[in-house]
Amino acid sequence: MNLSRTTLLAGLVAGLLLGACGRSPQECMERAMYFESNRSSRDGMVAVGSVVMNRVESGQYPRSVCGVVAQRGQFAPRIMSRRMDSRSLPLVRETARSVLQGERHPMIGNAMFFHTAGHRFPYDNMHYVLVTGGNAFYEKRKNYLVTQPVPPQPIEGITGWREAGE
């Protein structure tokens, strides 16, 4: 079988745009927000999306949104295959689009981790930056650099609904 250079190039471009999982960065971001923030608030979805983008940009994780979201053991089980309910998709889609276009939660900083708010862990390297949307977001630091070892009070309403094109 002899494939033309154009066919090979088209396949490579499609692979980069759709990621290894065959989904677009938009859909992968939607899935992360939908399953990890429980669609509880726009702030929660933006914070989850900010963590995904922090990981993409860090060089410590896959270099694509789909690579990060589909990484085994990092996000909700079966995140790439579970069905999403269409009733909550308009807000999820708008929020994913906004994060992919550069919006970040202003309080997330360099955080690349989160867990369900209310859960406690015995680790001494978790520096909490934000609780929103039912999740506690944190950076991993050397224990002597942790200045916020417990999750702060939840904050909502920092990000708002944005109209398309804003």
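Trainee: What order do the strands of the open sheet have?
Mentor: The order is β1-β3-β2, 3 strands with antiparallel pairing. Strands (E, at least two residues) and helices (H or I, at least four) are DSSP runs numbered from the N terminus, and two strands pair if DSSP finds at least two bridges between them. This is a predicted model, where local features need pLDDT of at least 70, side-chain atom pairs count only at pLDDT 80 or more, and totals for chains, interfaces and linings use all residues. Residues are numbered from 1 along each chain as its sequence is written, and side-chain values use heavy atoms, without hydrogens and water.

Trainee: Which strands stand at the edges?
Mentor: β1 (113-116) and β2 (126-132), each with a single partner strand, so one side of each has no neighbour in the sheet.

Trainee: How many bridges join β2 to β3?
Mentor: 6, and β3 covers residues 135-140.

Trainee: Switching to helices. At what angle do α3 and α5 pack?
Mentor: About 40°, with the axes of α3 (residues 42-58) and α5 (residues 89-100) 10 Å apart. Axes are lines fitted to C-alpha atoms, for helices over the stretch in contact, and angles run from 0 to 180 degrees between N-to-C directions. The two helices are therefore oblique to each other; under 35 degrees counts as roughly parallel, over 145 as roughly antiparallel, 65 to 115 as roughly perpendicular, and the rest as oblique.

Trainee: Which residues of α3 make the contact?
Mentor: R42, M45, V46, G49, S50 and M53. Contact means heavy atoms within 4.5 Å.

Trainee: Where does α3 lie relative to the strands?
Mentor: Across β1, β2 and β3, at about 25° to β3.
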